[in-house]
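Work through the exercises below with the sequence and coordinates at hand. Each task is followed by a solution in steps.

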Amino acid sequence: MVSTNEQSTSKNSWEPRIVAFFCNWCTYTAADLAGVSRLRYSPNARIIRVMCSGRIDPQFVLDAFSKGADGVLIGGCHPGDCHYIEGNYKALRRVQLLKRMLKDMGIEEKRFRLEWISASEGERVKTVINEMTEQVRELGPLGMPERFADWDKELDILEKEINRKGETVDA
Amino acid sequence: MHGNGHKEDIRIGFYVCHCGHNIAGSLDVKSVAEYVKTLPGVAVSRDYKYMCSDPGQELVQKDIRQNKLNRIVVASCSPLLHEHTFRIAVEKGGLNPFYFQMVNIRENVSWVHTDKKAATEKAKDLARAAVQRVFSHKPLEPKHVKINPDVLVVGGGISGIHAALTLANAGKKVYLVEKSPTIGGHMAMFDKTFPTLDCAACILTPKMSQVKNHSNITLWSYSEVTKVDGYVGNYKITVKRKPRYINEELCVGCMDCIEKCVYKEGKTPDEFNAGLSKRKPIYIPFPQATPQVVLIDREACIEFKSGHCKKTCVEACDRNAIDFKQQEETKEIEAGTIILATGFKTFDADKVPYYGYGKYQNVYTSLEVERLVNASGPTSGEVILRNGKTPKMIGIIHCVGSRDKRTNRWCSRTCCMYSLKLAHLLKEHTDAEVYNFYIDMRTPGKAYEEFYDKLLEENVHFIRGRVAEVTDCAVRPEEEGKLIIRAEDTMIGIVRRVPVDMVVLAVGMEPKEDAQDVRRMFNISCSTEGFFLERHPKLAPVDTFTDGIYIAGACQGPKDIPDSVAQAGAAAAQALSLIDRGEIELEPNTAFVVQEECSGCRTCLTICPYNAISRDEEKQKAFINEALCKGCGTCVAACPSGAIKQNLFEDEMIYSEINGLLKLTSTECC
Ligand code: FES
């Protein structure tokens, strides 16, 4: 009983952590617009500004997940609207590959999202962040760092065992 | 691993801004400052009422000197608003301006979150990310580019005309490109202007001819911009000049050819008269059209359709100006700055079928009425309806395609005033009873309210309420043969049925059909409604997010003539201030190749949209031409060897932001 209680309290206090990469020209501007329009949305996303969605290295996404993000959001200009002509198409290609990879890693689809949000779509920033926060909340914590720690521990144990066996054989 | 080596030397100054209550009202600024004080590298951490104010900036400068700070982080509004301000402040304090990072805790936090605790938490995360980021900042020099003093103005309505003249009078060379065969825009179609009631043509046409005769202006009408390359100060523009089938140099606008055309009567709806009259295949849009050059409408001309025309027009032209073989021409021009004044379109009344436009012949749009009351219009200024009669009762319906969830939500700002003007003119021309159906009367302008008072004295009737429908379904004898306007009179709370002979729809102002294509071509943004988006709604109303491109007039949003002219002047002044500076600083956010790391794989070559990357075949390495690089960073993300770096957005900086956001210190990562 007690342990369930504990679990539920820790679950209650847990808040999804979303790292968002927004391109300077469209989505970041849209987020500013959401601010100027005083739209209210959930405080779970933290925005990193890049000049173009084309700058987003898949490694950034993997890094964010492995450091404890529960969700990663990429925001760029609509197709055809990229300030640098076609950076967003490059982003799209990378995202498609990345999605397959994340799936193999056991990271649920809903934790990673690419959205085209133009400078005028402040509303959309609000909707997407709210939606994603709720979806990630439903999925619960991703806990990659903990998983890594567990794997490290397992590896450690394995390694030790191998070493010990080696020693015994040697002896 | 990031920035470890020199960590001891880093002394960060952190400042969190209250922004009055804007930030301090929604999150605990003191606790943010206290928290940041505990972070590695932070030497000073303060909160202050207005960081962007002079004392705020001086505070930073004093701290840099007294506390030997070498990195500055300010948590306040959006970097799109004040990054530049603070960079200058930092530079004045004696630091390289790029040893600075801004944290957006207003637009991204205090203005959008209501939970104070969560907002404070988020602000701390963002602050930590920035504090960790500045460790890897490097001193940079901004790029300088020269500004070509020539200006391109797109659109020859009153805004474009005014902007072009202002610039040309200041001695700048201006290219004015207009899509239609003449400049003048909507204003040329208007009869009188409110509230002064001076004749639109009388005040506009002198300006039009000034444009034509100005030695600094190259006027290309019937032309369109098809391509825009380059960047601020150095735009390369391709203009398509559509064939008029008339040699512009030779034509003197005598119009003999029009007279002699084999068509004795026009068959094509006349655009200038809003379709109320017909024109011939060879025509001039209106007598004062500028340039004074006729043109041939290919779709309507027999010679183009069958090749068997007698070509009486050719015979009539003693200057041999007619040229059926004329081809489209492509021109390349260079300009340092661009002003977009592409205007608006009126709301399409077909979209509100309940007002009967197109169904009942005596329902008119306001633009049609402008032509109808105009002395040079299709009826020479006599108000004769499509059924040949003169109206005795007229109803003007306000807000058609404005302030309406079903069509457009915005107020078109001009319709109340022009409806009053039309009420006055119609009454003057016909002595009819005129009814205005309005929702609210909006007259916010110099001498506008007084004009409304005057109309009240002229016995024009005002009924407050949105019109439900216009119908010809008579239920009372006095309604027979009339159009009945059905509306709730909200002043007395009853539904009124007003039988009239003529209905005028005060159609609103909308973005032009091709606004989206235009904004793509010029790399600017549109607001939700589709009008061009200004850089800041209050403080940068004619700037766009693309440097060197300005907007003026109704392409930015509905506005009347005085406002359009004011904005055009402002846009011209902005362009001039850039031109006279001679050069502009660009963000030094370009990419560069770390030669030792480059494997020469060529991945980046194809990915660069600007062809800024080439490969040195001898060394087998890639090189980035800094002048061509625009700093998108796409190649950086694509390089499999991690050999390309982007200034201001290096991998290390972004990884330290990720770490910071996720509550890890720099050392905990990787
Ligand atoms: S600039 Fe927005 S996606 Fe390229």
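**Salt bridges**

Over all chains, the structure holds 53 salt bridges, a salt bridge being a side-chain nitrogen of Lys or Arg within 4 Å of a carboxyl oxygen of Asp or Glu. This is a predicted model in which local features need pLDDT of at least 70, side-chain atom pairs count only at pLDDT 80 or more, and totals for chains, interfaces and linings use all residues. Residues are numbered from 1 along each chain as its sequence is written, chains are lettered from A and ligands numbered from 1 in the order in which they are written, and side-chain values use heavy atoms, with hydrogens and water left out.

**Exercise 1.** Find the salt-bridge partner of Glu587(B) and state which parts the pair ties together.

Step 1. The partner is Arg87(B), with the closest N and O atoms 2.4 Å apart.

Step 2. Glu587(B) lies in the loop between β30 (583-586) and β31 (591-593) of chain B, and Arg87(B) lies in helix α3 (residues 79-92) of chain B, so the pair ties together parts that are 500 residues apart in sequence. Helices (H or I, at least four residues) and strands (E, at least two) are DSSP runs, numbered from the N terminus.

**Exercise 2.** Describe the interface of chain A and chain B.

Step 1. Count residues in contact (heavy atoms within 4.5 Å): 50 from chain A and 55 from chain B.

Step 2. Take the buried area, the accessible area (1.4 Å probe) that two parts lose on being put together, summed over both. Between the two chains this area is about 4400 Å², and carbon and sulfur atoms give 57% of it. Arg46(A), Arg55(A) and Lys67(A) supply 16% of the area that chain A buries against chain B, more than any other three residues.

Step 3. Count the salt bridges between chain A and chain B: there are 5. Glu83(B) forms a salt bridge with Arg49(A), where the closest N and O atoms are 3.3 Å apart.

Step 4. Assign the chain A side to elements. The largest share of the side that touches chain B, 7 residues, comes from α2(A).
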